[in-house]
Amino acid sequence: MAEVETGLEKELFPWHLGVFDAHCHPTDTVASLDSIASMKTRALTIMATREQDQSIVANFANKLGVSEEPMPILMATEKPLGRVVPSFGWHPWFSHHIYDDRANSSVQDRQVSSKRDHYGRVICPSPRDDQEFIRSLPDPRPLSDLLYETRSHLERHPIALVGEIGLDRSFRIPGTILIDNEYEKDPALTPGGRDGRQLSPYRVDLDHQRMLLTAQLNLAGEMQRAVSVHGVASHGIVFETLKATWQGYEKPVLSKRQRKRRASVGTAYENEDKSEGEQRKPKLASPKPFPPRICLHSYSGPSDTLKQYLHPSIPVEIFFSFSALVNFSSQSKKAVGVIKAVPDNRILGESDLHAAGDRMDDLMEEIIRTICHIKGWSLEAGVKQLASNWAHFVFGQRW
Ligand SMILES: [Zn+2]
């Protein structure tokens, strides 16, 4: 990123107040996981994305996971009780591996007649005649199977999130040609990602991606878990897909006068805005088709879309997280405007990095310094605000 002249650069970074990474992938580099215990960042929200990393995330959460009780992690100074919040989900880059076998599926032959038929249908342009490419893909897996597995992980990890899920209009599926013919370019990386391959011309059909996203949002709603969402080159359609899940559940938008009236007659009204600083008791979670909280990770949409998400009728608390890697690589000007526009209590910081360790700490420091500068916060106030926002996002309570 372009160095931001903050004047804060020399100020010592207040790690002791608690820094929380809202979205990262250290399980992509399993060897790096041991370094989490000695990192300056207090806790990592670790995303699963595909077949190969679900159990790595689960196993690691068993080892270093956060307990159900959020306070130890927030207060921990010397001996943190947990450093990991796991998140289970299927990323859009791997969405073609899944086929919709549910009874209400719009796909005619739910039994998936053949691997070739399935991939021929969900990948565009259709690779039906590209046998080598089809052969390189795994046997498709039924959606019911994936949802069953995700549900079991969520049951075993009561604070786990759902993610990373989402839509991506611009990505292309890795093909069969290896870059420089070095298949094991980086043997340290967990397989199932790009694996040193050149990108093919193929993309996953957006309707198929939406089907998978919606199914996972519904599961998160049923289990009342927060969600981390990926949206690239598809901001409008991400919003439409999320919105469809809460259709019919919108909050009534009251005028100031109506709100006053309700308050004066003592009506307990669940959806009333709480006054600033008021502690909110966690609500009893009842299943719904949409999650209670959503983080739009490495948010790169325009300020206009941001406004849609902040409309008072939306029954979901939407957070926006930013990373030095994505938001401040090429489009910093846009990100500055968006960060200014995000409400103070809805902003999060993330590394989105594929390995734990010093680099992850550096990226967290970098994005937090940048956010503080843009927001006009002191580092101390900013780190505290971001910690409180992260706890609100993950645990569903205001701190
Ligand atoms: Zn990610």
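## Before we start

Two residues are said to be in contact when they have heavy atoms within 4.5 Å. Please keep in mind that this is a predicted model.

## The nonpolar cores

Let's begin inside. The largest nonpolar core has 76 residues, and those that touch the most other members are I36, W246, I294, L296, F320, F322 and I368. Another core lies apart from it; this one has 16 residues, among them A22, V85, C295 and V394.

What is L296 in contact with, leaving aside its neighbours within four places in sequence? Its partners are V229, V238, L242, Y309, I318, F319, F320 and S321. One of these, F320, is also on the list of core residues that touch the most other members.

## A closer look at S321

S321, one of the contacts of L296, sits in strand β13, which spans residues 317-323. Is S321 buried or exposed? With a relative accessible area of 0%, S321 falls under the 20% limit and is therefore buried.

Setting aside residues up to four places away in sequence, S321 touches A22, C295, L296, H297, S298, Y299, N327, L348 and E350. Two of these names, A22 and C295, have come up already as members of the core of 16 residues, while L296 belongs to the core of 76 residues.

## Helices α6 and α7

Now for some helix packing. Helix α6 covers residues 206-222 and helix α7 covers residues 235-246; they pack with their axes 10 Å apart, at an angle of about 40°. The two helices are therefore oblique to each other, and α6 passes α7 in a right-handed crossing.

Which residues meet here? From α6 come L206, R210, L213, T214, L217 and N218, and from α7 come I237, E240, T241, L242 and T245. Sorted by class, the residues of this contact are 5 nonpolar, 4 polar and 2 charged.

## Helices α11 and α12

Our last stop is another helix pair. Helix α11 (residues 332-341) packs with helix α12 (residues 358-375) at an angle of about 65°, and their axes are 9 Å apart. This makes α11 roughly perpendicular to α12.

The crossing of α11 and α12 is right-handed. V336, I339 and K340 of α11 make the contact with I371, I374 and K375 of α12. By class, there are 4 nonpolar and 2 charged residues in this contact, and no polar ones.

Terms used
Residues are numbered from 1 along each chain as its sequence is written. This is a predicted model: local features need pLDDT of at least 70, side-chain atom pairs count only at pLDDT 80 or more; totals for chains, interfaces and linings use all residues. Side-chain values use heavy atoms; hydrogens and water are left out. Axes are lines fitted to C-alpha atoms, for helices over the stretch in contact, and angles run from 0 to 180 degrees between N-to-C directions. Helices (H or I, at least four residues) and strands (E, at least two) are DSSP runs, numbered from the N terminus. Angles under 35 degrees count as roughly parallel, over 145 as roughly antiparallel, 65 to 115 as roughly perpendicular and the rest as oblique. A crossing is left-handed if the near helix is turned anticlockwise from the far one by less than a right angle, and right-handed if clockwise. Ala, Val, Leu, Ile, Met, Phe, Trp, Tyr, Cys and Pro count as nonpolar, Asp, Glu, Lys and Arg as charged, and the others, Gly among them, as polar. A nonpolar core is a set of buried Ala, Val, Leu, Ile, Met, Phe, Trp, Tyr and Cys residues joined through side-chain atoms within 4.5 Å. Buried means under 20% relative accessible area, exposed over 50%, partly exposed in between (1.4 Å probe, protein chains only).
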